[in-house]
Amino acid sequence: MSAAMLADEAKYCSFGDTVHYVNPPKIFTGCDGSYMFDAAGTPYLDLQMWYSAVNFGYKNPRLTAVMKKQLDELPQVASQYLHPTKIELAKTIAQDAERKFGHAGRVHFNVGGSQSIEDSLKIVRNASNGKSLMFAFEGGYHGRTLGASSITSSYRYRRRYGHFGDRAHFIPFPYPFRRKPGMTAEEYADFLVKDFARLFETEYHGVWDPKAGQCEYAAFYAEAIQGTGGYVVPPRNYFPGLKKVLDQYGILLVIDEIQMGFYRTGKLWAIEHFDVKPDVIVFGKALTNGMNPLGGLWAREALINPTVFPPGSTHSTFAANPLGTAVGLETLRMTSEDNFGRQVMERGAYFLEGLRDLQKRHKEIGDVDGLGLALRAEICQEDGFAPNRELLDKMVDIGLSGDLDYQGKKVGLVLDVGGYYKNVITFAPSLMISFAEIDQAMVLLDQLLTRAKRAM
């Protein structure tokens, strides 16, 4: 069956809407909890959970039950009309943001992350009288629509689509493992903030008009922890320093929580770890645990109230769809119970301890780090620093072969590859992962590294 399906895929499916990381591509037919299953029933421990979209495990019983209930009650309604869970979900997010950040605000929905980034660009441009230029980070990823591509640092996402006149000004992200020699991580963060502030010292640095007191750039788009860039956790002093500069020159801070939001880092929003107040938060992915996609944004009242951002400013047929908002509301209820954030931090600390133990036994693991259950392992040459993409590619292939051994049974391992050099395992396991499953992950990773090194 698999061979026939792959032949049909090769003939009838666009390759433009997917990424073929392995050859041949893997076909899965089932899932449950932390596992995916192939047609033979082989379990694959998934340590990336659909790029952090399925934070709460495949077939989460509580969220699935809400989806089924909503199907029976109100599965569809045009976005020009209202329904209860849209209003309740917006209220829950907005009230939480006001408690945490001290700003009243509103929530605006769309279908997914990239679309919500597009909506945020409209809000920012509107608030800045049409300024279309943004700051963003090297290594940042915000989506592949045209607007999102303009603030995503990878040129390869823009290369074939013409000139991007509104391309962002990309600033180095504080990357502790690859910081300047002789500096602590905190010193490096301070150095980068000062280097950014230097752009405003004189008009000849090209971003600031001191006579008018205006910046050419409207906002800074940032992931608090870089996702596709390699789950890079910045030093805690970086964002407070950056925000001070932004506030001084009237530049909005837009935080992209599409991959790190909804407790991936042990808090609802990753930016909460860094003691700054964003102007806009963009979210998606795990809000619905990957079911019936829903994304959106929260913005300060001054940016989004109906006087400045009236009805029809954006529109999507499926925005705020009732299946999505019902599950999203239940997601927030579920994560507000039973010290959910503390449980994520405990599992994350246990996972990170396991990675550090692996690092002691494999010198090719140059760096491990993490916050909550957003974790990284940087795969290097034997010197522990030079990137080793080839070894990681081999690990991914072996993991997806379904031929690893665990307690006498054949199993597989699903990994995600990220980082500036495509040499970082970006771990985003289920937030419900058990300690026993973390133990299994360490056994499989040890086995995977050993086999991959032998195969090189």
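This is a predicted model: local features need pLDDT of at least 70, side-chain atom pairs count only at pLDDT 80 or more; totals for chains, interfaces and linings use all residues.
How many bridges join strand β2 to strand β3, and do these strands run parallel or antiparallel?

**Figure 1. The β2-β3 hairpin.** Strand β2 (residues 35-37) is joined to strand β3 (residues 43-46) by 3 bridges, and the two strands run antiparallel. Within this pairing, Y35 has L45 of β3 as its bridge partner. The two strands form a hairpin in which 5 residues lie between them. In the turn, G41 adopts a positive phi of about 85°.

**Figure 2. Pairing of β3 with β16.** Strand β3 is also joined to strand β16 (residues 409-414), again by 3 bridges, but here the strands run parallel. Y44 has G412 of β16 as its bridge partner.

**Figure 3. Pairing of β15 with β16.** Strands β15 and β16 pair in the antiparallel sense over 3 bridges. The bridge partner of Y406 is K409 in β16.

Figure 4. An open sheet of 5 strands has the order β1-β2-β3-β16-β15, with mixed pairing. Its edge strands are β1 (30-32) and β15 (404-406), each of which pairs on one side only. From one strand to the next, the twist averages 40°. Strands of a sheet pair through backbone hydrogen bonds, in either a parallel or an antiparallel arrangement. Helix α13 lies across β2, β3, β15 and β16, and runs at about 145° to β15.

**Figure 5. The largest cavity.** The model contains 2 cavities of 30 Å³ or more. About 40 Å³ of space lies in the largest cavity. Its lining consists of L355, L358, I365, A377, I379, I425, F427, L445 and L449. Two or more lining residues come from each of α11 (340-361), β14 (374-379), β18 (424-427) and α13 (435-455). By residue class, the lining of the largest cavity comprises 9 nonpolar residues, no polar residues and no charged residues.

Figure 6. The volume of the second largest cavity is about 30 Å³. The residues that line the second largest cavity are V77, A78, S79, Y81, H83, K86, A319, A320 and N321. This lining divides into 5 nonpolar, 3 polar and 1 charged, whereas the lining of the largest cavity has no polar and no charged residues.

Key:
Residues are numbered from 1 along each chain as its sequence is written. Side-chain values use heavy atoms; hydrogens and water are left out. Two strands pair if DSSP finds at least two bridges between them. Helices (H or I, at least four residues) and strands (E, at least two) are DSSP runs, numbered from the N terminus. On a 1 Å grid over the protein atoms alone, a cavity is a set of points where a 1.4 Å probe fits but cannot get out, and a pocket is an open set with protein on both sides within 12 Å along at least five of seven lines; lining residues have an atom within 4 Å of a point. Grid points are joined across faces, edges and corners, and a volume is the space filled by probe spheres set on the points. Ala, Val, Leu, Ile, Met, Phe, Trp, Tyr, Cys and Pro count as nonpolar, Asp, Glu, Lys and Arg as charged, and the others, Gly among them, as polar. Axes are lines fitted to C-alpha atoms, for helices over the stretch in contact, and angles run from 0 to 180 degrees between N-to-C directions. Contact means heavy atoms within 4.5 Å.
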